[in-house]
Amino acid sequence: MMNLRVLIIPIILFFGFQLTAQMNSMVVDPKTKTKMLIGYCDKKGLQKDIYGIYFKSQYDVYSPADVYIKKLEEKIDDVEITIVLGTWCSDSQREVPRFYKVLNEAGYNDKRVKVIAVDKNKEAIVVDISDMNIKRVPIFIIYKNEKEIGRIVETPKKSLERDLWNIVK
């Protein structure tokens, strides 16, 4: 029994570190020589380094309309959300923090959000997103019962909170 425990603990630690390493991975753009997130990431990853500056400033400055936040509070927990973004993209730098602000004010647990960072070719390298039809970023994909019910692509038509409400209502 003791020998089995001695073998299992290192294996669990190894795979745990491997899974952690895949979150918030950075690569260097070969053309611009700048760092960018790639693959799966989370809000914490978006709040670090240069992206953290963009994240904080856009999150703090954005004021979602209360009328749509109140409406979203009733429906937002019924959906799952995937964000595909480029940390190199000015639209992503502006819209993603604002979207998080909308989610937070509507009471959505942002740990439920699946975030995938792509390179300038709209590829996540370690994550297959070929079936998502990504042409521009950021893209906010809303799912209900595992089926896509709508998207906000690049910039909102009216506002993030209004566009999100129009999808989830």
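Relative accessible area is used here to class residues as buried (under 20%), exposed (over 50%) or partly exposed (in between), with a 1.4 Å probe and protein chains only. The structure is a predicted model, in which local features need pLDDT of at least 70 and side-chain atom pairs count only at pLDDT 80 or more, while totals for chains, interfaces and linings use all residues. Residues are numbered from 1 along each chain as its sequence is written, and side-chain values use heavy atoms, with hydrogens and water left out.

On the surface, a patch of positive charge is formed by Lys 71, Lys 158, Arg 162 and Lys 169, a patch being made of residues with over 30% relative accessible area and no salt bridge, with like charges joined within 9 Å; a salt bridge is a side-chain nitrogen of Lys or Arg within 4 Å of a carboxyl oxygen of Asp or Glu. Of these residues, Lys 71 is placed in helix α4 (residues 66–75), helices being DSSP runs (H or I) of at least four residues and strands runs (E) of at least two. Lys 71 has a relative accessible area of 33% and is therefore partly exposed.

Most residues other than glycine have a negative phi, and most peptide bonds are trans. Asp 49, in helix α3 (residues 49–61), has a positive phi near 55 degrees, and its relative accessibility of 52% means that Asp 49 counts as exposed. Glu 146 likewise has a positive phi, near 65 degrees; this residue lies in the loop between β5 and β6 (147–153) and is exposed, with a relative accessible area of 80%. The peptide bond between Val 137 and Pro 138 is cis, with omega about 0 degrees, and Pro 138 belongs to the loop that links β4 (114–117) and β5 (139–144).

Conventions: Patches are made of residues with over 30% relative accessible area and no salt bridge: like charges are joined within 9 Å, nonpolar side chains (Val, Leu, Ile, Met, Phe, Trp, Tyr) within 5 Å. Accessible areas come from the Shrake-Rupley method with a 1.4 Å probe; for residues, only the protein chains shown count as cover. Lys and Arg count as positive and Asp and Glu as negative; His and the chain ends are not counted. The place of a charge is taken as NZ of Lys, CZ of Arg, CG of Asp or CD of Glu.
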